Amino acid sequence: MLKGYRQQGFTLIELMIVVAIIGVIAAIAYPSYQRNIENTRRTAAQADMMELAQTLERRYTANYSYLDGGDPPALRFEFSPRERGAGEAFYKFELESVAQNSY
């Protein structure tokens, strides 16, 4: 070595160690992130279902029937998430059987 020469930069081994550490952290974090997104979507869908149920209960309170002139009522929205800019819908809501006093 030359006198006064100082090594600068990283060795290839140091760089590979950093890349491996980042890979391990990403492998642990990504599934957790996916679970968090799924739970958020489910929570939003539960809130949407509660809103639809409240709408049907208001209809029953006002008309003493869940039916709309003998037909099942139209839902205010059918998909969750409801926002148009939110991308694809993950849940679809529909009424399978509606009677005068049950849904």
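1. How many helices and strands are there in the chain? There are one helix and two strands. Helices (H or I, at least four residues) and strands (E, at least two) are DSSP runs, numbered from the N terminus. From the N terminus, the order is α-β-β. Helix 1 covers residues 12–63.

2. Some ground rules. The model is predicted: local features need pLDDT of at least 70, side-chain atom pairs count only at pLDDT 80 or more, and totals for chains, interfaces and linings use all residues. Residues are numbered from 1 along each chain as its sequence is written, and side-chain values use heavy atoms, with hydrogens and water left out.

3. Overall dimensions. The chain has a radius of gyration of 28 Å, whereas a compact globule of 103 residues would have one near 13 Å. The radius is taken over C-alpha atoms, and the globule rule is 2.2 Å times the number of residues to the power 0.38. Along the principal axes, the C-alpha atoms fill a box of roughly 95 × 20 × 20 Å. Gly-9 and Glu-57 illustrate the spacing: 48 residues apart in sequence, they are 69 Å apart in space, C-alpha to C-alpha. Gly-9 sits in the segment before helix 1.

4. Burial. Of the 103 residues, 12% are buried. Buried means under 20% relative accessible area, exposed over 50%, and partly exposed in between (1.4 Å probe, protein chains only). Gly-9 is exposed because its relative accessibility is 60%.

5. Nonpolar patch. Leu-12, Leu-15, Met-16 and Val-19 make a nonpolar surface patch of about 410 Å². Patch residues have over 30% relative accessible area and no salt bridge; like charges are joined within 9 Å, nonpolar side chains (Val, Leu, Ile, Met, Phe, Trp, Tyr) within 5 Å. Areas come from the Shrake-Rupley method with a 1.4 Å probe; for residues, only the protein chains shown count as cover. Val-19 lies in helix 1 and is partly exposed at 49%.

6. Aromatic pairs. Rings of Phe, Tyr and Trp (its six-membered ring) pair if their centres lie within 6.5 Å; planes under 30 degrees apart count as stacked, over 60 as edge-to-face and the rest as tilted. The count is four aromatic pairs. Tyr-30 and Tyr-33 are a tilted pair, because their centres are 6.4 Å apart and their planes at 35°. Both lie in helix 1, three residues apart, about one turn of the helix. Tyr-66 and Tyr-103 are edge-to-face, at 4.9 Å centre to centre and 75° between the planes. Tyr-66 is in the loop between helix 1 and strand 1 and Tyr-103 in the segment after strand 2, so the pair ties together parts 37 residues apart in sequence. Tyr-66 is buried at 6%; Tyr-103 is partly exposed at 42%. Together with Tyr-60, they form one aromatic cluster.

7. Charge over a ring. Arg-41 lies over the face of Phe-90, 3.7 Å from the ring centre. The rule asks for NZ of Lys or CZ of Arg within 6 Å of the ring centre and within 35 degrees of the ring normal.

8. Salt bridges. The structure holds four, each a side-chain nitrogen of Lys or Arg within 4 Å of a carboxyl oxygen of Asp or Glu. Glu-38 and Arg-42 have their closest N and O atoms 3.1 Å apart; both lie in helix 1, four residues apart. Arg-76 pairs with Glu-51 at 3.2 Å. Arg-76 is in the loop between helix 1 and strand 1 and Glu-51 in helix 1, so this bridge ties together parts 25 residues apart in sequence. Arg-59 and Asp-68 meet at 3.7 Å, N to O.
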